[in-house]
Amino acid sequence: MAFRGLRDADPLDTSILVLQDRHRSHLVDIEQFHEVLHPRQQMRAFLSMWRMDPHIRPYVIRAGFYGIYRLGHIIIDWPLITSLVERWRPETHTFHVPVGEMTITLQDVAVILGLRIDGAAVTGTCVLDVAGLCGELLGVIPPDEALRGSAISIRWLCQQLSTPAPDADEVALQRSARGFILALIGSFLFADKKGVHVHLCFLPLLRDLTQTSSYSWGGAVLAHTYRELCRASLDRKRSISGCITLIQ
């Protein structure tokens, strides 16, 4: 794909890149948009708020999410992320740079995040019995103020489940582990634009923690990251969510 120059991301041929008139690079080129994207990832806040209890570590490891926790908070270079978004093309799902095209692959996800990239699809329903599901799998029922639709407050999860009782049995420890993994998902892997709630559609996949690692979490994270890159690259978007560490 030919471009106008090293500093100009506008393509010479728009027969394939048909969204150019809506693309961030076009708005920058005509000097109508120069804002750096705003962060929407709350991993640092999550790690400072919720220290993993040693008793739930085996369950987190078994579920396949311990590598994400070990990765920790990485400082994000937001001008770099903004520049990459300006080079991202929704039509091809690739970054168009002076040396050619490049993209984020499943291998990148496996190496960087340590998530499984094969296995069953991460899918389910968004129509949920919130009280019944949370009561069964978390042992607590969230009040209305802790909910936003079918999404639950990460802070509320922390307040309820971050400190298991010293004599907690296996059922209680598994519930605490589910809460921790759910909050980790919402803070890092599938963060929304505010990063303070996580959708409960992921909770049924944590029902049996011995089977949770059989899902292709890496594939789901990559698909979500592609979608967020596409959204951020169009129509004067001022923020980007999702797993930003994977982009950097």
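How many nonpolar, polar and charged residues does the lining of the largest pocket have? The model is a predicted one, in which local features need pLDDT of at least 70 and side-chain atom pairs count only at pLDDT 80 or more, while totals for chains, interfaces and linings use all residues. Residues are numbered from 1 along each chain as its sequence is written, and side-chain values use heavy atoms, leaving out hydrogens and water.

| Class in the lining | Residues |
|---|---|
| nonpolar | ten residues |
| polar | eight residues |

Of the 24 lining residues, Phe-190, His-199, Cys-201, Phe-202 and Arg-227 lie nearest the centre of the pocket; a pocket is an open set of points on a 1 Å grid over the protein atoms alone, where a 1.4 Å probe fits, with protein on both sides within 12 Å along at least five of seven lines, and lining residues have an atom within 4 Å of a point.

In helix H7 (residues 130–137), Val-130, Leu-133, Cys-134 and Leu-137 are buried, that is, under 20% relative accessible area with a 1.4 Å probe and protein chains only. These residues cover an arc of only 90° around the axis, taken from the directions to the C-beta atoms, which puts them on the same side of H7. They pack against strand S4 (147–148), strand S5 (151–153) and helix H9 (170–189), contact meaning heavy atoms within 4.5 Å. Helices (H or I, at least four residues) and strands (E, at least two) are DSSP runs, numbered from the N terminus.

Note on methods. Nonpolar A, V, L, I, M, F, W, Y, C, P; charged D, E, K, R; others polar. Buried < 20%, exposed > 50% of the residue type's maximum accessible area, 1.4 Å probe, protein only.
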